Structures are given as C-alpha cells and as structure tokens.
Amino acid sequence: MSVNQQAHAGPPYGQPQPGYQGYQQPAYGGQSLPGVPQSQYGAYNGPMPGYQQPVPPQGYFPSLGFPSKGSPVSLNSDTSSLAPNFIGSLRAPPTSGAPPPASGASHPSGHLAYSQFEHGDVQNGIPASAAPMQRPPAPQPFLPGSAPTPVSQISTFQQYGPPPGSVQQLRNHMAGMTIGGTAASAPPPAGLGYVSGSFSATGSGLHTPYSASQGPPPASVSEGLPLAQPPFPGHTVSTQRLPTQVPAFTPPPPSTGVAPSSYPPTTGAPRPPAMPGPPLPGQTVPAPPSSQPNHVSSPPPPPPPSTMAGLHPGPPMSGLHGPPPPTHPPQPGYQMQQNGSFGQMRGPQPNYGGAYPGAPNYGSPPGPPPPPKRLDPDSIPSPIQVIEDDRNNRGSEPFVTGVRGQVPPLVTTNFLVKDQGNASPRYIRCTSYNIPCTSDMAKQSQVPLAAVIKPLAALPPEETLPYLVDHGESGPVRCNRCKAYMCPFMQFIEGGRRFQCCFCSCVTEVPPHYFQHLDHTGKRVDYYDRPELSLGSYEFLATVDYCKNNKFPSPPAFIFMIDVSYNAVKSGLVRLICEELKSLLDYLPREGNMEESAIRVGFVTYNKVLHFYNVKSSLAQPQMMVVSDVADMFVPLLDGFLVNVNESRTVIASLLDQIPEMFADTRETETVFAPVIQAGLEALKAAECAGKLFIFHTSLPIAEAPGKLKNRDDRKLINTDKEKTLFQPQTSFYNNLAKDCVAQGCCVDLFLFPNQYLDVATLGVVPYQTGGSIYKYAYFQLETDQYRFLNDLRRDVQKEVGFDAVMRVRTSTGIRATDFFGAFYMSNTTDVEMAGLDCDKTITVEFKHDDKLSEDSGALLQCALLYTSCAGQRRLRIHNLSLNCCTQLADLYRNCETDTLINYLAKYAYRGVLSSPVKTVRDALINQCAQILACYRKNCASPSSAGQLILPECMKLLPVYLNCVLKSDVLQPGPEATTDDRAYIRQLVTSMDVAETNVFFYPRLLPLTKADVDSDSLPAAIRNSEERLSKGDIYLLENGLNIFVWVGVSVQQSLIQNLFGVSSFSQISNALSTLPVLENPFSKKVRSIVDMLQGQRSRYMKLIIVKQEDKLEMLFKHFLVEDKSLSGGASYVDFLCHMHKEIRQLLS
C-alpha cells in the first residue's frame, strides 16, 4: 500500500449516516442492532469483497453530474487526495443533559472493522514497504477485483454548532469525533466539569501554547501532529473528512458492540471504506489539529519506552465506531503514529475504556508494538508524484497543437511539439485553456486569465524553427481594421477573394498576388504550402515601413564596458575579462549560415572617468581617449570605436593584453555608473544602430556624477510600511535614462561583483527596462567564481537576441490584454518595447473581459513581435493560440495550469511590493488563492461537509506552490538575505519562464546515492523536506541559481572517496566550486547529472557543498520548502490547514 494512496472514506452522500437518530444501525451482516428502530433505508451495501460493482461509464464522475475529462482530485473525484481523516468536521458539543455512555460499538454495514489505512504499520495484505503502489494520475472508477484504487465518497452538508469553549469540551468533541471512518455518536461522560486550557499548536513537531494565560495544553491533544486551524466562531474545529452528526440530532440508544473479527480480511478485492480497529498498545488516535504557523520552538522530547505498552483493556464505549482509545493519558510529547492516510491523529482520551480485549491483528503477526512515529504528511498532494505521473502519461507522445484549448504537458515533462496551427507551449503557456464566457464568471472564480509568452524561445534540435515568409515589397497580409496578421484562423470567403478577420470580424480584400482558390471545405488549396495558413508560429520579413525613419537598420553593435577601479583590478576580475574576450569575440551570434558575425564591437574602461579606445584595423596600437567631464557625456571618436572583429583582430588582442597592465597599480576606488550607460548610448546613436552594452561593475557609484547614489541599505525597514522603498530606485534619473536607451535600441546587460551594498534596485532599472539581464556574483573570488561567471558571460554574448523590439498582443472580441509583466518599457497601453529581447525572456500578459465570449468561437490570441535580427534584418515573429470558452466553472477548473498560475501570481506579487507593504501583498495572495479554491468548492464539488478540504485535480498543488512563493526571500526574507539579494531576485523572477519559476520556487531534490551509474536517467526526485534526507546518503538540490550537494554524516567512506577524492567526511572541502574529475563510475555519473542540469538552465548555477551539521546547512535548509522556515514561513502541512480555514471562512 503506497503512502500516496488515498484512503477510503465512509458512506456516500445521500446514504444514511451512522449514528443518526431514527436511522437503522445495521451490524455487519446487514442485520439490525438491538434497540435501534428500523428505518425506511436499507442497509448500506458498500463495496464488499466478492461483490460485483457496477462501473460508472468512462469519463463520468457522479459527483459532477456531467461527463468530464480531467476530474477533480478526490475520492468521488471531487476531493483532493486528502485522506478521510485529514481535515473534516466534528460535531458540536452536546448538551449538558446528555446520557452517559453505554458499552458497545456500532459499525456501519459494509465496513471492515480493521483498516490498512488507519493504523501505522498494521495492514491487511502486502506491507507498504514491500510493494509500493503507484497512485493513479487521476481519480478512477472502482473496478471490481482490481487492486485497491483510491476512491472516496462525499458526506452531506453539516450545520455547525458553536466551537468548543474549553479543553473538556474539546475532549468531549473528540469523543464524538469520527475515528478514521464514520460518524461517532457517543456523548461525553455526563457530570464532568469543564476545565480551561489551551489548544496545543502543532505542525512540524513544534509545540507552542496559544497564550501563556491559558495554562498547559490538554493531555488529550497529542503534540506531534500537522495542524489544521484554531476554532473560529460558528465553525467547529475539524479533523475528519467524513460525515459527522448534525448537532440537532440526539444520540441513538445504546447498542451492543460487534467484535471486529466479524469480517475476514480480504486481499485483491477493492477495499470497502475504511474502518478503524482497536488501537494497538501504544498507539494513538487522531486529535483535532490546531494551527499556529510562524512560530518556532523546540520539538518535544521523544517518549520514554514505558509509554508504549501496558495499557489496560476496558469496556468499549457506545457509539464509537471501532473500539475506543486506551485510558492512559499520553506522556508529554507523545509522538504520533504514522498512519497510512494523511491527516491528524488524536491522542488517547481520558475517562475512556481501554483497547478492545483480544483484538485481532490483521495483516501482520502480533508482536511488540511499533515505535511511535511522527505523522507522515505523505498523502497531502505531492509535487513529485504529479510531475512523475505527467511524465509517464504524456512524455512519450508528441504534443500536437491542432486542437483548440488543449492543455499541454507540464514544463517538467520532456515532450516534442508538432505545430499544427497553434503556437507551441514553449512560446506561450496560459493559466487556463478554457476561459469563462463572461466577466462575472471570471470575477466569481478569481482565476487570473494570463499568458506567459516567450517569443524567441530556443527549441530542442528535433523541432523546426519558425519558417521565414517573404511577401516581397507588399509585406505581410493583414486585416484592414485591427491590423492582425494572416493566420490559420482567418476565414476566406467569396471563393477566396476576401477574408474575414478572426479577431474583429472585419472583411478584407485579398491582395491579387495572394489570391488562391478554395477547395470543397472552404480551405485555400495552398493551405499546407503557406506557414501562415497552417502553423501556429512563423516569421515574416518586414518591409521598410516597419523600420525606424523608414530605412533598413544597420547590424547591431556590442560594447564591452569594464570597471577598472581598485576592487576590480585587485580581485583579478579585469585580467579575467580581458583574457576571456580574446577568444569569446569569435563566437558573436550570427545569422543562419553566415561565415562571420555582422556585429561590431567597441571597448570602454572606467572608474571616476571614462576611457574610450580606438581599435581601427589600420592602427599598429590601440589609442586611448579619456573623457573626464562625466557631467556632459560625449563620445570622443566615431571612426575606429565600433569595428569588425576579424578586421581589427590584432589591435583588439593588443588592447586586451594592455588593459590589465595599464591599471595594475590603480588606487582609484570610486566609480561612476550612469555616465557609462550614457556613453554607450551616445556611441550607438552616432553609429545609427541598435546594440547591447555589457557592463562589468563592482561598487556603489558614489563619485560625483549624474546618477550618483548613496548607501541607503536599512534592514530595520523590513516588515514596516517603508519596506517598499528598498525595492524602489532611489532616484528617477535612471528611469529617464532607460527611456532614452529603449528609443535607441540600446540594451544593457549588467554583471555585478559587489563586496557590499551597491543598490541593485537602482542600478537594475536600466537593464530591466531595456530588456537586458543582471548577473550578480557577491564576494567574487577568482578561484571559486570564475567558472560560473565565464559560463554566464559566454552564454550571454552568444545567445539569440532581437534588438529594437516591439511586441503587441491582439485578442478576439470579448477579451483584451490589460496588464503586462517583465523586463521592458511601455510608452502606451498596448506596445511592449524592448531595446533587446533574448531567448530566455518572457512577457506575461493578463487579459480581462470587455464583452461576452461564445463557446462556439472560443477566444484567440496573436502575439506579434517586430525586431531586428543580429544580422540587421527587420522581422516579424507571429505566435497564434486558440482557447476554449466555457459557461460552466467546472470546465475552467478542469483546464487550468498551476505552474503558469504560480508564475503569474509570483510576478504580480513581486510587482506589488513596489507600492504596498509586503504583508498586504502576502495577504492578498493568500486571499486570492482561497477565493479560487472556495469558488471551486462551492460551485463544482458535490455537496459535502465544510470540514473537508476539496481541491480541483489540476490545482491540487496550488497550496504547496503558493506557500513557496510566500516564503521566498522577496516576500519573507531569511536572516541571510540582503537588500540587494531581494531586489535582484525580484527583477530576475519578473522575466522568468514557467519552467524557471517552477524549479525556483519548488527546487528539485535528487538522491545521488540512488543514481544508477549504468543508465543515462536521473534518480527519482524526492520531496523538499528534511525528514526525507537520510544521513547515510548524498543529495543534490537545484533551484536554477544554485546547486547544493548535501553530504550526510554517515555516508560510506568509499562514496566520499569516489566523489570528492578524500578519505573521510571531515576532509571534504566546502570551498569546492566544481566536483573533482575522478575516474570512477560514481564520480562520472554525478558530474554528468550536474552538467545535464546546468545545460537545462539559463544561468550557470553555483555549486555549493554542504556537510550535514555544518554552518552552511542553514542556507541549504532554506530551500527545503515543505518545512517551516527560519524566517517564519509555514510548513506545507500548516499552510494547507491555514488555506482550509480561509476557504471555510469564505464559504461561511
């Protein structure tokens, strides 16, 4: 039994609930129990071994009432894979006059008395460890005779009484709670006084009382559970996922108990809904969870061995399904049993009889009781499982884009794309592929409608680059009214002489040179010969009308601008850059089959003044010209500054040899910054071309000059209303400079090498608004950081980039693009302008309704990017995408993509911190996601108790991923995150694509010691939590910026020798920036894994070796995102419970 399997739940919606007054309480054979009046309902004949069950038709989910393709996560297809005892409701406190308990336990018919799900290691059938079962990717119909598949049923709506007011009420509550399977009906013992006390907060094994004044926590609440939420008015605290008694009902008359052995254990058949058996000695039963995220205290001590055995048996209590818990109160810090399903367990209740005498121990021989384990959060939705399922289901077939509104495979799945009319998901991904027909429906769901567009994305070698279409002087065919470009969705009419625009419905004459006859289906006969009629993505050669000043552009230029202040020279950086450029200049980007690059290059060095170099090919030696008037920047030479690399090769080589020598003895520590950008801008203006500045900079520009900055770093502003100023530029000077750069097509890439604060928030403005990149190497050291820096520099210089770019997104009638996120500048509301756009940058576009959409016609997007290629050719790249429209919310929720949604939400939040306090931004994020899930719960899930947390299948990872965004350094900085780090990450994430945000927020964790040295595959990833790490193993964690290699203290000496070339754990050096090259299979395998991961990311990741219990381990643990963070971020379990509470408040 896999821990990821869902547990079976109790009776389905609409069937009699056990324990209700007036309903028959059938015993196991279906016969009624003594003393219970007959009811009009027959016995529940739920799934029983050996009974044939009718199989629901394929694709039909009873809870939804209509056919569906992607079902919600659930047992009845509507509940997330949260086990029955995860988060459910419990009944309200009974009245004081309740009758005393009687003996006997009632069981609903059709339920096994003992379940493999409820008690730690006791199972029927195969033990979990021996044969783990795969969780099916989506809820499946129950098939008789098959292996147990997760199925559940939904309970009815509940009314709620007031929350328990004290510990005793709580205990009474727990007495009446469902243990594992069905509703409880036992009233609490009469005549006991209520005691006041606190509810123990739990979560990752941490115990914090709610308030000091409340006294110690009740003994009955066990301390190591994952938590739900504190009670709130009008709702009872919930732990169970199953039907509970409506408070207005009185308990049924006492009934006699039925021994658990009434039913034989079965194997192979589907399991009936789970029923708990008697707790084993030393075992506990679920306690109501409580929530207190953001508190950190020490974990409870492990229980002494004596708490395990010797619990006295006693008479069972009436109405508890399954025998009651033992009488002994738990010891402080009593650890929870691991149970097969997930959710909370509850501690033994005082005043209750002991375990069932002589309870049989199905599925395993009787023996000493298992040691108590902390609750395993294995069955809350697992990102690893979802990623794995998608790879298995969708990785083998190509993704064919011919069908409207298809949801593509996840970004973590390797798949090939066949373009048949819609753009590849490598170019465009949407938050939903089925969008609401009306704005009211969109508002109700709160699901943002957004597309993450990567117009120049690199494709794998097996896929074809977009075709280039040349229509000659007449240029591309466009709609007369809205100017949309010809695409597969345009409708040709009147025998092909006119076409109707799919965006605005305007009819346009087909130009004579473009005319073609239609076939019997209304398609042009040259449909397959023309990329713009049959493909989702293609390029047009632009005519002179698309060029600045109506003249074709010159090829772009690259200008290298090197800081030669004391810090840069002393660290060896200047020499390193000059050495690298000698060879790198041979690898400038070139067009297709050109022999050499058309890009020209220039060189500037600077500290407080600027030095320009004449490297004209006719010179024997380079000439240097100094501009010391930085207040009024100009370029002192035109001819000889920007040159062809091949023509001036010897002069350039001579210059690059001389620069490190010229400044070797410099004492100048101050630098300027804005004048450097101005100089590059002026040079490009003079040459009448676009281009890119590569600036290598080391310190805060405090020298007297335009754009001079002061040190304003202040950690005291964190968590105050002024925190937003840390993310804002300290002067508007750079915004104006960025505007000038964009107008000229001057893109800035900035390489920073700070040893202290240098105000990334301000220095980053120009790179950000011009579509450039920032790279940051804090405390740069030649021996450890040069490899990473050089890899980044090489890739940055060589990658495909478009210059002087303008992007516009057109949509069909009914929606329009309203908001844009990314590294660009906008001078109006529709055009995204970028001085440069490379193959790694994305622009995220949000859409809003401005009219109704129709289900028949769907919705269309067309992204058109006008840019200059690196050869100086003006081009238009077009991407088209068609989406479905829906009138049912369930269709929206079935076609969402969580990874894209998180990409959008992160960017939205990261922009929000510029204008709002961080806490406001965090709260808004949580509230929006709670509204998304509450709307699903209210409108799409079948009726069930509010105590259940129900998540849509394709959004079941929304809580875990959202929690990762909330815990990121921008929104909740750890102690080691500097102000510059936060500003850097904020800018970086804003132009990340979906694959990058996915691994950035939920890093990939691989057990290296499990890698198969003989295969090319990666070891299976594991979840990001410390409890998944074993001290005898080595793990690799990557997040797109760093690669950590974590070495446990007990790793075999031979593995250490094979990987690090040293003989013991203590000799492993933290200073390694690359793994040593050793000739053995394990070393080769690990290095090949690292190289493979580096190849998948747009930046070269820094390798950090972390030894267990070492000081660097704190940094490593920051990336174990399912755990509580030091900065106060909640663990995944805690946050899920918090989200559940938020959803319930919205529903109430």
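Mentor: Before we start, residues are numbered from 1 along each chain as its sequence is written. The model is predicted, so local features need pLDDT of at least 70 and side-chain atom pairs pLDDT 80 or more, while totals for chains, interfaces and linings use all residues; side-chain values use heavy atoms, with hydrogens and water left out.

Trainee: Happy to begin with the overall picture: what percentage of the residues of the chain count as buried?
Mentor: The chain holds 22 helices and 28 strands, where helices (H or I, at least four residues) and strands (E, at least two) are DSSP runs numbered from the N terminus. Buried means under 20% relative accessible area, exposed over 50%, and partly exposed in between, with a 1.4 Å probe and protein chains only. Of the 1148 residues, the buried share is 62%.

Trainee: Which element gives the most to the lining of the largest cavity?
Mentor: On a 1 Å grid over the protein atoms alone, a cavity is a set of points where a 1.4 Å probe fits but cannot get out, and lining residues have an atom within 4 Å of a point. The largest cavity has about 320 Å³ of space, a volume being the space filled by probe spheres set on points joined across faces, edges and corners. Helix 11 (765-769), strand 18 (774-776), helix 17 (979-990) and helix 18 (994-1001) each give two or more residues to this lining. The one that gives the most, with three residues, is helix 17.

Trainee: Which residues lie nearest the centre of that largest cavity?
Mentor: The lining has 24 residues, and by class ten are nonpolar, seven polar and seven charged. Here Ala, Val, Leu, Ile, Met, Phe, Trp, Tyr, Cys and Pro count as nonpolar, Asp, Glu, Lys and Arg as charged, and the others, Gly among them, as polar. Nearest the centre lie Leu988, Ser991, Met992, Ser1098 and Arg1099.

Trainee: Over the ring of which residue does the charged end of Arg1099 sit?
Mentor: A charge sits over a ring if NZ of Lys or CZ of Arg is within 6 Å of the ring centre and within 35 degrees of the ring normal. The charged end of Arg1099 is 4.2 Å from the centre of the ring of Tyr775. Tyr775 also belongs to an aromatic cluster with residues including Phe696 and Phe751. The ring under Arg1099 is that of Tyr775.

Trainee: How many residues apart in sequence are the parts that Phe696 and Phe751 tie together?
Mentor: Rings of Phe, Tyr and Trp (its six-membered ring) pair if their centres lie within 6.5 Å; planes under 30 degrees apart count as stacked, over 60 as edge-to-face and the rest as tilted. Phe696 and Phe751 have ring centres 5.1 Å apart and planes at 25°, so the pair is stacked. Both Phe696 and Phe751 are buried. Phe696 lies in strand 16 (residues 691-697) and Phe751 in strand 17 (residues 746-752), so the separation of the parts they tie together is 55 residues.

Trainee: Is Leu1112 buried or partly exposed?
Mentor: Leu1112 is in the loop between strand 28 (1102-1107) and helix 21 (1113-1117). Beyond its neighbours within four places in sequence, Leu1112 is in contact (heavy atoms within 4.5 Å) with Asn1070, Ile1104, Ile1105 and Val1106. At 24% relative accessibility, Leu1112 counts as partly exposed.

Conventions: On a 1 Å grid over the protein atoms alone, a cavity is a set of points where a 1.4 Å probe fits but cannot get out, and a pocket is an open set with protein on both sides within 12 Å along at least five of seven lines; lining residues have an atom within 4 Å of a point.
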